[in-house]
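Welcome! Take a look at it first, and then read on.

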Amino acid sequence: MEFDDEAEHRRLFRVETNSPQIKAVFSLERGGSLSAKATKNTVIQSFKIVILSNKLNLLLPFGPLAILVHYLTDNKGWFFLLSLLGITPLAERLGYATEQLACYTGPTVGGLLNATFGNVTELIISIIALKNGMIRVVQLTLLGSILSNMLLVLGCSFFCGGIVFSRKQQVFDKGNAVLNSGMLLIAVMSLLFPTLLHYTHSEVHAASSELVLSRSTSCIMLVAYAAYLFFQLKSQPSFLTESEETWDDDEVPEISKWEAIIWLLIFTAWVSLLSGYLVDAIEGASVSWNVPISFISVILLPIVGNAAEHAGAIMFAMKDKLDLSLGVAIGSSIQISMFAVPFCVVISWMMGEQMDLNFQLFETATLFISVIVVAFFLQEGTSNYFKGLMLILSYLIVAASFFVHQDPDQG
């Protein structure tokens, strides 16, 4: 793809690399080396760069509008919809601010910062829901994020890439894909055992063994994710080489370190505020739309929270860079299942809540089957539009299933 405008080249690249795995690699290799080139901006310049340079920010006014609707009407459906639209650009800008800050923090801290903030929107929504005692909403939202990345994002990437390159078979790193499939299966295993323990009534201590198993397993998963992150950042030269081919050697941070910190705090506070309203409106929206809470939590919330990453993965596939697409789609699924889920269990433990890894039989079975389907499509190391279409249709089956599924804990 030819770029006549170098500034436009850099802007598009930032959008495409809004992935914790990809940005962490750049931070590890290049972090700290760009800070000397950064220039300080005035308040107006900083506002233009961060707010006015992104077309997705046209949705920002929906946030204040949602709050206005909340206080003027009792229509939870409209309020919930406007809140979803308002959070979408905030999720993308959080990633941008984190990326800018990572340029100043050095290799190790930059990689960790990008990886940790990769799914900060879902984490904020989950923590607020935990504070409100809505454990099932947390479980279902995190489950939905895993499913949407595995099936919808990867499916759209394969499909769009296959259409653009219809005369050839697109390929990706088979070894890395098999490794990622294995990590997803480990995540399923961590959810499967507490669920089986519950439904087989085989606990040593009824109502407590399940919780103890979940908390200990969560600690083990966090260690496993840290090891996986270290391995990905240190031991994947082919992924790094392809990534750096796209990186512009003259790329510099657009905003200063303190600007990045201030914007990060602003966006985090705004996301937290909107998420609080959003979580409170879930039940009302369910009643207003006559849609199960499980459908809202598993399908609607994750799609909005990951909208920017979805677009980036598809762009990479359409440029025949499928390894980067997998880094966004499968990498995000691994991050949520191996980091966000156990992190929420630990946080709920600290809050005195009792979130466990028993996601219920229907949900756990759905995840297990989805991981198996994805693993089969990845095992050859090739993709085409047909595989993408099958993954998209699989996601539609999952969405239809949750549309008619009544959660036992909310029925």
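Predicted model: local features only at pLDDT ≥ 70, side-chain atom pairs only at ≥ 80, totals over all residues.

The chain holds 17 helices and two strands. Of its 411 residues, 56% are buried. Counting contacts between residues at least 6 apart in sequence, 85% join residues at least 24 apart.

**How H8 meets H16**

- Two packed helices are described by the angle between their axes and the distance between the axes.
- Helix H8 covers residues 135-164 and helix H16 covers residues 361-378; the two pack at an angle of about 20 degrees, with axes 11 Å apart. Angles under 35 degrees count as roughly parallel, so H8 is roughly parallel to H16.
- The crossing of H8 and H16 is left-handed.
- On the H8 side, the contact is made by Arg136, Leu140, Leu143, Ile146, Leu147, Met150, Leu151, Leu154 and Phe158. Their partners in H16 are Glu363, Thr366, Leu367, Ser370, Val371, Val374 and Leu378.
- By class, the residues in the contact of H8 with H16 are 12 nonpolar, two polar and two charged.

**How H10 meets H15**

- Helix H10 and helix H15 (residues 322-351) cross at roughly 140 degrees, and their axes come within 8 Å. H10 and H15 are therefore oblique to each other.
- The crossing of H10 and H15 is left-handed.
- H10 contributes Ser214, Arg215, Ser218, Met221, Leu222, Ala224, Tyr225 and Tyr228 to the contact. Among the residues they meet in H15 are Ile334, Met338, Phe339, Pro342, Phe343 and Trp349.
- The contact of H10 with H15 has 13 nonpolar, four polar and one charged residues.

**A covered helix, H7**

- Helix H7 runs over residues 120-131, and its 12 residues should span 16 Å at 1.5 Å a residue.
- H7 is mostly covered, with 10 of its 12 residues buried.
- The buried residues of H7 are Val120, Thr121, Glu122, Leu123, Ile124, Ile125, Ser126, Ile128, Ala129 and Leu130.
- Just after H7 comes glycine 133, with a positive phi of about 75 degrees.

**Serine 383, a buried residue in a strand**

- Serine 383 lies in strand S2, which covers residues 382-383.
- The relative accessible area of serine 383 is 1%. Buried means under 20%, so serine 383 is buried.
- Leaving aside residues up to four places away in sequence, serine 383 touches Phe158, Gln169, Gln170, Phe172 and Leu322.

**Two loop residues with positive phi**

- Histidine 201 has a phi near 55 degrees, a positive value in a residue other than glycine. Histidine 201 sits in the loop between helix H9 (174-199) and helix H10 (209-234).
- With 66% relative accessibility, histidine 201 counts as exposed.
- Asparagine 290 is not a glycine, and yet its phi is positive, at about 55 degrees. Asparagine 290 belongs to the loop that joins helix H12 (257-289) and helix H13 (293-305).
- Asparagine 290 counts as exposed, with a relative accessibility of 67%.

Definitions and conventions. Residues numbered from 1 in each chain as written. Heavy atoms only, no water. Axes fitted to C-alpha atoms, helices over the stretch in contact; angles between N-to-C directions. Helix = DSSP H or I, 4+ residues; strand = E, 2+ residues; numbered from the N terminus. Parallel < 35°, antiparallel > 145°, perpendicular 65-115°, else oblique. Left-handed = near helix turned anticlockwise from the far one by under 90°. Contact = heavy atoms within 4.5 Å. Nonpolar A, V, L, I, M, F, W, Y, C, P; charged D, E, K, R; others polar. Buried < 20%, exposed > 50% of the residue type's maximum accessible area, 1.4 Å probe, protein only. Expected span 1.5 Å × (residues − 1).
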